[in-house]
Amino acid sequence: MKTRIIILFLVGIVSSSCVQIKNDMKNFDDAFAHTVYFWFKNPDSEADRDKFEASLRKFLDNSQYAKTQYIGKPPKAVRDVVDDSFTYALIVSFESAEDQAAYQTEPPHLVFIEECKDLWEKVIVYDSQGI
């Protein structure tokens, strides 16, 4: 009986900790999403990838407008409709289109572009507003 009580107690602690962690996470703001795909000149270069990731993280950590951020790499596609030709994807959400416009000219964003523009051969941006 004591063992069951201890197990239930521990499960309760773990469950409440998970809820706290989840509540501390930033929620995706669906007001405005900014999705960017990067194609590198040298996609297999570890040095280029390291430089890009470090500069991008520095930029996002210092952006006053980017509310939530996602950085990803393509998985190997197993379906014909999936485009896995890009090197990196970035999805950033904003509270408004005005915040996204301000983000375009904020110093951390401009520094990121200057530091990394020589790495990519193509960039495509998809912006969308929530419905």
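**Exercise 1. How much space lies in the largest pocket?** Then work out what lines it.

*Solution.* Keep in mind that this is a predicted model. The largest pocket holds about 160 Å³ of space.

**Exercise 2. Trace the chain and describe its overall make-up.**

*Solution.* Start by counting elements: the chain has four helices and four strands. Reading along the sequence, you get the pattern α-β-α-β-β-α-α-β. Then look at burial: 29% of the 131 residues count as buried. Finally, take the contacts with a separation of 6 or more; 78% of them are between residues 24 or more positions apart.

**Exercise 3. Check the span of helix α2 and find out which way it faces.**

*Solution.* Helix α2 covers residues 46-62, and at 1.5 Å a residue its 17 residues should span 24 Å. The C-alpha atoms at its ends are 24 Å apart, so the two values agree.

Step two is to pick out the buried residues of α2: Asp48, Arg49, Phe52, Ser55, Leu56, Phe59 and Leu60. Look down the axis of α2 and these buried residues fall within an arc of 145°, so they line one face of the helix.

On the face pointing away from the buried side sit the exposed residues Glu46, Ala47 and Asp61.

Step four: what covers the buried residues of α2? The cover includes β1, β2, β3, α3, α4 and β4.

**Exercise 4. Find the residues that touch the most other members of the largest nonpolar core, then follow one of them.**

*Solution.* The largest nonpolar core has 18 residues, and Phe38, Phe52, Leu90 and Phe112 touch the most other members. As for elements, β1, α2, β3 and α4 each supply at least two residues of this core.

Now follow Phe38. Leave out residues up to four places away in sequence, and Phe38 touches Phe52, Phe86, Thr87, Tyr88, Leu90, Phe112, Trp120, Lys122 and Val123.

**Exercise 5. Is Glu106 buried or exposed, and what does it contact?**

*Solution.* First locate Glu106: it sits in the loop between α3 and α4. Its relative accessibility is 5%, and the cut-off for buried is under 20%, so Glu106 counts as buried. Setting aside neighbours within four places in sequence, Glu106 is in contact with Phe59, Asn62, Ser63, Gln64 and Tyr65.

Terms used. Residues are numbered from 1 along each chain as its sequence is written. This is a predicted model: local features need pLDDT of at least 70, side-chain atom pairs count only at pLDDT 80 or more; totals for chains, interfaces and linings use all residues. Side-chain values use heavy atoms; hydrogens and water are left out. The expected span of a helix is 1.5 Å times one less than its number of residues. Buried means under 20% relative accessible area, exposed over 50%, partly exposed in between (1.4 Å probe, protein chains only). The arc is that of the directions from the helix axis to the C-beta atoms. Contact means heavy atoms within 4.5 Å. A nonpolar core is a set of buried Ala, Val, Leu, Ile, Met, Phe, Trp, Tyr and Cys residues joined through side-chain atoms within 4.5 Å. On a 1 Å grid over the protein atoms alone, a cavity is a set of points where a 1.4 Å probe fits but cannot get out, and a pocket is an open set with protein on both sides within 12 Å along at least five of seven lines; lining residues have an atom within 4 Å of a point. Grid points are joined across faces, edges and corners, and a volume is the space filled by probe spheres set on the points.
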